[in-house]
Amino acid sequence: MVKIGIIGGSGMYSLLENADEVQKETEYGAPSDNISVGSIEGVDVAFIPRHGKNHTIPPHKVPYKANIEALNGMGVERIIATNAVGSLNPSYKPGDFALFDQFINFTGGRDDTFFHGPDVVHISTAEPFCPELRGIASKKAAESGLGMHSSGSVAVINGPRFSSKAESRYFRAAGADMINMTLYPEIALAREKAMCYLGIGLVTDYDSGLEGDPNIKPVDYNEVGRMFAANVPKLKTLIAAIVKDIPEKRGACSCSKSLEGAQVKA
Ligand SMILES: [Zn+2]
């Protein structure tokens, strides 16, 4: 049984050994692409390239529900997700890694729940990211000398365009350290399935520039792609170390209980 799922860029394909591709269909449609099932350091994992194998799915079209449903249906209990993020906080520098601990949702029009009635569910997202996985990731990053922020709030926007300067200022004032287009609703949907979710961000740019520093230009996508690709090897090493260290059974976190007390009784 595959208990660990990875959602991220197609650069992660080569992380898996002996991978087989599995075609899945869910009641919410097909996932972003075939799911690769293989192993990392002897541990079974399933991988979904969030934007499709050839990066053909924009952030607002990612089949978030199908991806989570498909992984959940395979028995996955824990998700390790990777995201490129823009920095809104000068201490989060391009090339840095960050473990998200909070999100602020600024997306709209995305289907962000499995419960449209008659079952009514209100899950808590007070602490949306798995504390056990964050602890393991933090330790592994420290051991490998990786520049890692152990926490950070992420604003999530629809995209696909990048922010205006005024929007960046607004998101910063709202308390966000980073900005991204795909973390939400993935995180909320995983929580509705009582899965553990670890969000690892790689800072690729300074969003719409750095206030007061005219030398820092607003982000362009080529820079995001270049910065991400340059850091994929580090990310892969980190994920392999994390996967190896994840205990077989859950219990040190309460993610599996996220539906307890959340359901409205008829
Ligand atoms: Zn957990």
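In which loop is proline 160 found? In this predicted model, proline 160 sits in the loop between strand S9 (153–156) and helix H3 (165–173).

Glutamate 41, in the loop between strand S3 (35–40) and strand S4 (43–49), has a positive phi near 50°. This glutamate 41 counts as partly exposed because it has 14 C-beta neighbours inside 10 Å. Histidine 55, in the loop between S4 and helix H1 (64–73), likewise has a positive phi, about 50°; with 12 other C-beta atoms within 10 Å, histidine 55 is exposed.

Turning to helix packing, the axes of helix H2 (residues 131–143) and helix H5 (residues 221–245) come within 9 Å and cross at roughly 130°, which means that H2 is oblique to H5. The crossing is right-handed. H2 contributes Ile136, Ala137, Lys140 and Ala141 to the contact, and H5 contributes Leu238, Ala241, Ile242 and Asp245. Of these contact residues, six are nonpolar, two are charged and none is polar.

The largest nonpolar core comprises 65 residues, and those with the most contacts inside it include Ile79, Val154, Met178 and Tyr197. Strand S11 (residues 196–205) supplies the largest share of this core, six residues. Beyond its neighbours within four places in sequence, tyrosine 197 is in contact with residues including Ile79, Pro128, Phe129 and Arg191.

Technical notes: Residues are numbered from 1 along each chain as its sequence is written. This is a predicted model: local features need pLDDT of at least 70, side-chain atom pairs count only at pLDDT 80 or more; totals for chains, interfaces and linings use all residues. Axes are lines fitted to C-alpha atoms, for helices over the stretch in contact, and angles run from 0 to 180 degrees between N-to-C directions. Helices (H or I, at least four residues) and strands (E, at least two) are DSSP runs, numbered from the N terminus. Angles under 35 degrees count as roughly parallel, over 145 as roughly antiparallel, 65 to 115 as roughly perpendicular and the rest as oblique. A crossing is left-handed if the near helix is turned anticlockwise from the far one by less than a right angle, and right-handed if clockwise. Two residues are in contact if their C-beta atoms, placed from the backbone, lie within 7 Å. Ala, Val, Leu, Ile, Met, Phe, Trp, Tyr, Cys and Pro count as nonpolar, Asp, Glu, Lys and Arg as charged, and the others, Gly among them, as polar. A nonpolar core is a set of buried Ala, Val, Leu, Ile, Met, Phe, Trp, Tyr and Cys residues joined through C-beta atoms within 7 Å. A residue is buried if 20 or more other C-beta atoms lie within 10 Å of its own, exposed if 12 or fewer, and partly exposed in between; C-beta atoms are placed from the backbone.
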